[in-house]
Amino acid sequence: MSHSVNKRPANSTTNRTAAVPNASSLSSPTSSAGPHFPPMKKPKPQPVSCSSLDTKNGHQFNFNSAGSHHDDDPSSIVVDEDLKSDDLVSPGNGRTSITGGGVTANLLRKKATPPNPTTKKLVIKLVKAKPILPTNFEEDTWATLKSAINAIFLKQPDSCDLEKLYQAVNDLCLHKMGESLYKRIEKECEAHISAVLQSLVGQSPDLVVFLSLIEKCWQDLCDQLLMIRGIALYLDRTYVKQTPNIRSLWDMGLQLFRKHLSLCPEVEHKTVTGLLRLIERERLGEAVDRTLLNHLLKMFTALGIYQESFEKPFLVCTEEFYASEGVKYMQQYDVPDYLKHVEMRLHEELERCVLYLDANTRKPLTSTAEKQLLECHISAILDKGFMMLMDGSRIEDLQRMYLLFSRINALESLRQALGSYIRRAGQAIVMDEEKDKDMVSSLLEFKGTIDKIWEASFSKNEAFGNTIKDSFEHLINLRQNRPAELIAKFLDEKLRAGNKGTSEEELEGILDKVLVLFRFIQGKDVFEAFYKKDLAKRLLLGKSASIDAEKSMISKLKTECGSQFTNKLEGMFKDIELSKEINESFKQSSQARMQLPSGIEMSVHVLTTGYWPTYPPMDVQLPSELTLYQDIFKSFYLSKYHGRRLMWQNSLGHCVLKVDFPKGRKELAVSLFQAVVLMLFNDADEYSFQDIKYATRIEDKELRRTLQSLACGKVRVLQKLPKGREVDDDDTFVFNEGFTAPLYRIKVNAIQMKETVEENTSTTERVFQDRQYQVDAAVVRIMKTRKVLSHTLLITELFQQLKFPIKPADLKKRIESLIDREYLERDKNNPQIYNYLA
C-alpha cells in the first residue's frame, strides 16, 4: 500500500514526504567505500514506502522499507506512523532529514503533541562495525614503495605507476604508520648515499675529472630526492609537519649527504682542493668550466658547509696568491700599469662572486685582494708614481688611483701626497728669483692644472680642495712680499693698453684667475701699495686698456677685502672724472680764453693727496709757455675752490711735441722732463751735459735717465758725443737732423717710467710704516678694552686682529715704543703684565 501526504496544499505546489532510507543506497561523504546498512524492520505487517526530495541541495534519496525486519537490527530509530506529513516537514526549510550511522535525520515538528500510548513506531537500526585492514598491509605496501625507491636510486623503470605509489603513502599515513615509513625511507637513502660516496674514494687523480664525478653524484642525488619527495609528498605534509624536530625528506637527504661526506674526508678534501686549483688556474689566465664550479659551490652552500669547508681555505689561498703577485708586479710595472692591473683583478673577483661564488663571499674576498694589492703598497705607489702622474697631468690614471685608494680608506695618504707635491713644485716657481718675471703666469698655469685634476680626478673632494688652498697659501707667502708685488705688476701688465689679441671676456677670465692667487696673499697691504701705484700711472698717463676692466677689478677687490681696502682706489677714479669736469670748466672760463698762449693745449689732473701714492717733489725749470699756463690754471682753481693748495707733480706730466726735422715733421710723445730738454734745442743745436743740467734744474739721476732715453734708445732724437750707453758729465748732445721714422707719431720710451729699485724700496718702506701704525692702533685698542693684560695674551690677540704677517719680535718693539710714549706701563710686581694708561 502506498501512503502519501500533501503539505499545505493551499500555499504550496511542492509535494514533500518524509521517508525511511534504504541504507544500501547511501554513501559516506568522507569515504568512497561507505558502510553497509542492513534492511530495516517494521512492527506492522503492512509495507511502508516513502520518498524524500531535498529541493535545496538538489539531492533525492529513495528508501524502501518493505521486507525489513525490526528484530534483526542492533540499533533503531522509531518513527510514529500516525503523524501527519505536516508534522514531519520543517516550516523553516521545508524538508526532513534522517540520520542513521552516516545518515542524519532531523525530525522537526510544527508544534508539540501529547504522547499517544496507542502510537505505532517505526524502528531503524544501523551497523557500527569498523573496517578491518588486510593482513600484512604495512609490509606489502612498504615492499611496493621500497621497490620503487630502489628503482629510482638505480635509475631503473618500475612497474608500479606514481599514482598508486602516492596512494600507498597516503594509506600508510592515514593508518598512523607515518613514523615507520619515514624511518624506512631514511634508511634506504642513507644506504644509497653512503655507497655512492664510498665509490668515489680512490677515483681519478685528475682533479677536473674527479670534480665532474662529484658533480654528477650530487645532481643525481638531487633528482632522486625530488622524485622520492614527490611520491611521499603526503608524508611531508602530514607526519613531518605535525612532528617536531623531524626534517623534511629533502633536508633529511642533504643531512645524510653531509654526514657521509664528512665520513669520507678524502672525498671532501679532494673536492675543495680541486675547486681551489681550478680557481687559481682561472686567475692565471686559463679557461675553466665555470658551470662546474657553480654547481659544486652551490652543493657546499646547500649542505651548509660552504663557509667552513671552502670559504676559509679559499680566502687563505687568495691572500697568498695576491701577496706574491703584488710584490712581483710592483717591481716589474710602473704605477699606472700596476693600478690598471689592480683594477682588472678586483673586477675579476667581483665577476667570480656573480658567476659561481656565494654572495656573502664578496666582501671578505674583495677586502683580501685590496689589502694585498693596495694597502701593502700605498707608500710605494705614492713614492714611485704620484709625482710622475701629477707632472704629466694624467687625469685618467690619477682618477683610477683616487677610486682605488677610496676603497681602502687611504685617501688621507693621497691628500698628504697632493699637498707635498704642490708645495714642492710651487716652491720651485716662487723661489726662483731669475724667473720672477714669469712667476705669476707660471703660478696661474700651475693652479689651473691642479684645479683641473681636482675636478676630474679627485671628484671635487672637499678635503683635497682645502689642501690645495693651504698649500698655495704656504708657497705664495714663502717670499714674504715679492709675490704680492709681482701679482700687482702682472695685473698692471694685463690692464695696460697695448695687449693685442686679448678680448674683454679673456681679460675678465684672467682677472678672476689672478684674484684666486690674491686670496692666498697674507700681506695684502703690500699688494695694495703696488697696485695703487701702478693704477695711478695708468690713469694719469692714459695707459689703461679699459676703464670698465679697471672698475671690474676694483669691484672684485672690494668683494674680497671690503670697502675699506678699495676706498682709496675708488677715490682715484673719482678724481679723474672730476678733473675732466674741471678742465672743461677751465677751457670755457674767461681766463683761459683771454690769457692762454696760442698753440698749446694742456690738461690738468687735480689729485686728492690722501687717495694717491706719495710722490717725491721734483723741481724743474719749465719753459715760459708752460709756466704761464700753470699760473693761469692755478688762479682759476683757487678762485673756484677756496682754502685749497695746489702742488705740481712734474714727474707725472707727459707731452706731445711737434718737431720739424729736415726730412719731415713728426710728433713725439714724451715725458715732461724729455719735453723740457728737447725744447732747449729750439735755441741752439748743441748743449753739454752741464749746460742742460743748469738750464732745466732736473735732478742729476733723473736727467741722466732722460738724456739716455733721448740719445741712446731706439728713438734717437739727440746724438751723444762721444757715443756710448752711459751719460757722463763731459758728454755733449747735438740735435739729430738726420732722424727718420716711418710713423708720424713716435713714442719715446721714458726710462724713468720704469720702476727702479729705489721706488720699490720706498714703496715697501711705506708699507712697513703703515703696518707700524696699524700695530700701534691695535695694541691701544686692545689695552683700552682689557685695561690689564699679560704679554702672551696681548701677542695672541694681536695675531688674531692683524691681517698681515709679522714677527713677535717686531710686535714687542711696537709695545716698547708705546710704553716709551706712555700709552702703556709694565706692572710693578710683574713685568710680563701691561697696564693701560688713560
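Q: Hi! Which two strands form a hairpin, and how many residues are between them?
A: β7 and β8 form the hairpin, with two residues between them. Strands here are DSSP runs of E with at least two residues, helices are runs of H or I with at least four, and both are numbered from the N terminus.

Q: Before we go on, what sort of model is this?
A: It is a predicted model, where local features need pLDDT of at least 70 and side-chain atom pairs count only at pLDDT 80 or more, while totals for chains, interfaces and linings use all residues. Residues are numbered from 1 along each chain as its sequence is written, and side-chain values use heavy atoms, with hydrogens and water left out.

Q: Is β8 mostly covered or uncovered?
A: Mostly covered: six of the eight residues of β8 (664-671) are buried. Buried is under 20% relative accessible area, exposed is over 50%, and partly exposed is in between, using a 1.4 Å probe and protein chains only.

Q: New topic. What is the strand order in the open sheet of three strands?
A: The order is β9-β11-β10, with antiparallel pairing. β9 (686-688) and β10 (718-721) each have a single partner strand, so one side of each lacks a neighbour in the sheet. Neighbouring strands are turned by 25° against each other on average, direction ignored.

Q: Which helix lies across β10 and β11?
A: That is α27 (residues 700-711), running at about 110° to β10. Angles run from 0 to 180 degrees between N-to-C directions, and axes are lines fitted to C-alpha atoms, for helices over the stretch in contact. Contact means heavy atoms within 4.5 Å.

Q: Where is P722, and what is the peptide bond from L721 like?
A: P722 sits in the loop between β10 and β11, and the bond from L721 to P722 is cis, with omega near -5°.

Q: Which residue has a positive phi of about 60° although it is not a glycine?
A: K176, found in the loop between α3 (162-174) and α4 (178-200). K176 counts as exposed because its relative accessibility is 76%.

Q: Now the helices: at what angle do α10 and α11 cross?
A: Roughly 160°, with the axes of α10 (residues 306-332) and α11 (residues 335-355) coming within 11 Å. The two are therefore roughly antiparallel; that label is for angles over 145 degrees, with under 35 roughly parallel, 65 to 115 roughly perpendicular and the rest oblique.

Q: Which residues make the contact?
A: F321, Y322, E325, G326, Y329 and M330 of α10 meet Y338, H341, R345, E349 and R352 of α11.

Q: Last one: is F300 buried or exposed?
A: F300 is buried, because its relative accessibility is 1%. F300 lies in helix α9 (residues 290-303). Not counting residues up to four places away in sequence, F300 touches T271, V272, L275, I305, Y306, S309 and F310.

Conventions
Pairing = 2+ DSSP bridges.
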